[in-house]
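Thanks for coming. I have a few spots in one chain to go through, and then a word on how that chain is divided.

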Amino acid sequence: MAQYGEYLLNGILFGSTYSLVAIGFTIIFGTIHRLNVAHGATIMVAAFAGATTSILLGGADSYLALGLAFVASVATGALLGVLVELVAFRPLRDASYLTPFVTTIAVTIILEELFLKLSRSVPIFYPEYTPFPSILEDLSFEVGGMYIRGVYLVTFIVSLALMVVLHLWITRTRSGRAVRVVEENPDVARLLGIDVRRVEVTVFAVASALAGAAGCLIGMSVGTVSPFMGSHLLVIGFVAIVLGGLGNVYGAMIGGILVGVIETVTVGVLAATYREAFLFAVLFLTLVLKPEGILAAGSAGRD
Amino acid sequence: MRTSLLISAFMILLASTSAWAFQDEGTVRIGLLEAQTGVPAPYGLQGLEGTRIAFDEINAKGGVMVNGKAVKLAITPAPNGYDPGADSALTVALIKKLMQDDQVLMIKGTSRSQNTEVAFNYLNELEKQGSPIVLLSSAAAAPGLGKISRWGFRDAFSENDIVDREVKLLAEKFGVKTAGLYVVRDNSYCTVMEQSVILPALKKYGIDVKVTTDGLDSDRDLSRQVEQLKAANVDAVFVSGTTLPSIGLMKEAARRGFKPKFWVGTVGNITTEMAKLGGPTVERMIMGSSFAPGAPQIKALADEYKKRTGQDINLFGMNGYEAGYLIKDAIEKADIANTPESLHDDRIKFRDGLEKASITSITGEKLRFSDERDTVKQGFIITIRNGEFVEWDGKPTT
């Protein structure tokens, strides 16, 4: 019985990183009603920034170095997010809603191939997987017969803290409330004197900073980063936001944890080979029974 | 008018330039189709560079003898061939392009079993269409692929023999009686290895398979797999997996205090990352390889590879290098004319030449193709020590 409890707990703990991925994805969708496919690549680049910092500063032996790696990932994610907005979204503001889908796929491919090449030319990187040294790697403990990895617990605590900060930002600050207004109706936001473009850039920066945090935490948990790690996480993030409700931040939080639990429990109770099949079966059922997701977003849209 | 005349003259010049290719040009065109981007890039790039080193060596010594004249091996298109990435459809399209537009004698590629399976099936299609061509892969090692097409050849490393030897040793010398298996299911090589190589060998030597656990390449949490292996308390664990889940499994086992006498891997574990990232937990895992790392006879090649790429040569680079020399030997045995007009016949003759090709590898082993068009290599049992692959000293893993 403790074994099943362990699968459930690990699902919740690790699923919190999926929540961060999904939140970033969904804030952008909720604000500009466009999918940012480059979100996965942002996670990857930010994870590389964290791994590089950890390698150079000795993250395997130092909590401080690991903390700096986290900061590097978050900052890289935010910067890259702003760049993606500038390159792949802003020039196409009046184009079809599908156009940024294509441009962000292009950004993804360019970044993946760039990091593949860097992986083969930068001496501290490796061709397939680059290490993300972490002092937390071998930390583990048992609670009630359940084996818990320290890195999962830290990941969960950090993710939860970020979600709380995000909640406070959205609900308690002027800029956060501006984001909500733009999400609801950008035209009304303009009439209220809100600088919509500035809000959009802020949203990209915040969403991508969360992606950076997710990249760092996932890289730390797995122990490695790779040029293609973002593609899988993008799919996971998409499933999480559809489960939780497109454009809904709290839905994305729940969706991410749900995906983590479904994955871990399916692997533990059934078999690894059923993991994705079961996940997509749940997604299919959700779309049939509650197409708007667990928590629906506001109905206002631009198109 | 004058401009169009000039353009026409230029086009005629271009057309005649391509007609100068082949023997008149002093080259034999060899198509290269190795993955340089995407997931299989680590294997494709090793194969590409290994073959390029071999071609450079051959060309530096004058080239290959064709029709009484020494001609150079020309990678087509220069300098790196085409890159199909992990895309099987693109692989097929590029085979067609190399054959029709680039007019190559044969194609060296592709870089992983999934793509090669599709490519070999396409070779049968080409044969039916009356335009056959040889594809020689130095990376696709999944057992049974050689049966698909008489035009598909492989100088990969088939693990049948080495796994048999490993299991025999474990059973007879070390008294291993029980085993557990871990298989990555979304990689065809891993599942074929389990079914066609590892399980038959274990059965042959009377080792009882207590548990088979599996996972996916993208698995991050391997606690369930380790718990299953630990509960079965097996003497040896056979890991048929790719780098990351294999490292993850062994690290999780170490964290949970599970220490079988032996961890046994496959060629899928012979990667730089396995040795460098696995740390102490993967030390002494054993696996089969086509060459013994650190052997004096491969030092010059390993140094040259490192000089060119900054990385260590591995099994895939070594296979690519051998493939270069097998291509040379096949050309010299094929009696080709090497002209645009003779290309169709030359491709058929090259296939016959490859069947007869026989070289002494840099490892000292005699190489030739089997009836299923695979080179048979005796191989070496290797292990990881101090972050490096070395020949196994015959001691237990843990």
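Start with Val134(B), which sits in the loop between helix H4 (113–128) and strand S5 (135–137) of chain B. This is a predicted model, so please take what I say as a reading of a prediction. Is Val134(B) buried or exposed? Val134(B) counts as buried, because 27 C-beta neighbours lie inside 10 Å and the cut-off for buried is 20 or more.

Which residues does Val134(B) touch, leaving aside those up to four places away in sequence? The list has Met106(B) and Ile107(B), then Trp151(B) and Phe153(B), and then Arg347(B), Phe350(B), Arg351(B) and Leu354(B). As for Asn386(B), 252 residues separate it from Val134(B) in sequence, and the two C-alpha atoms are 41 Å apart in space.

Next, the backbone. Most residues other than glycine have a negative phi, and most peptide bonds are trans. Here are some exceptions.

The bond joining Thr76(B) and Pro77(B) is cis, with omega at about -10 degrees. The bond from Ala78(B) to Pro79(B) is also cis, and its omega is near 0 degrees.

Now phi. Asn233(B) has a positive value, near 50 degrees, and is not a glycine. Its place is the loop between helix H7 (223–232) and strand S9 (236–240) of chain B. Asn233(B) is exposed, because it has 12 other C-beta atoms within 10 Å and exposed means 12 or fewer.

Asp335(B) is another non-glycine residue with positive phi, near 60 degrees. You will find Asp335(B) in the loop between helix H11 (315–334) and helix H12 (343–356) of chain B. With 13 other C-beta atoms within 10 Å, Asp335(B) is partly exposed.

Last, the domains. The domain assignment of chain B gives domain 1 as 21–157 + 297–364 and domain 2 as 160–289 + 380–391. The C-alpha centres of domain 1 and domain 2 of chain B are 32 Å apart. How many residues does each domain bring to the contact? Domain 1 of chain B gives 12 residues, and domain 2 of chain B gives 11 residues. On the side of domain 1 of chain B that touches domain 2, six residues are nonpolar, five are polar and one is charged.

That is what I have. Questions are welcome.

Note on methods. Residues are numbered from 1 along each chain as its sequence is written. Chains are lettered from A and ligands numbered from 1 in the order in which they are written. This is a predicted model: local features need pLDDT of at least 70, side-chain atom pairs count only at pLDDT 80 or more; totals for chains, interfaces and linings use all residues. Helices (H or I, at least four residues) and strands (E, at least two) are DSSP runs, numbered from the N terminus. Two residues are in contact if their C-beta atoms, placed from the backbone, lie within 7 Å. Domain bounds come from an automatic or database domain assignment. Ala, Val, Leu, Ile, Met, Phe, Trp, Tyr, Cys and Pro count as nonpolar, Asp, Glu, Lys and Arg as charged, and the others, Gly among them, as polar.
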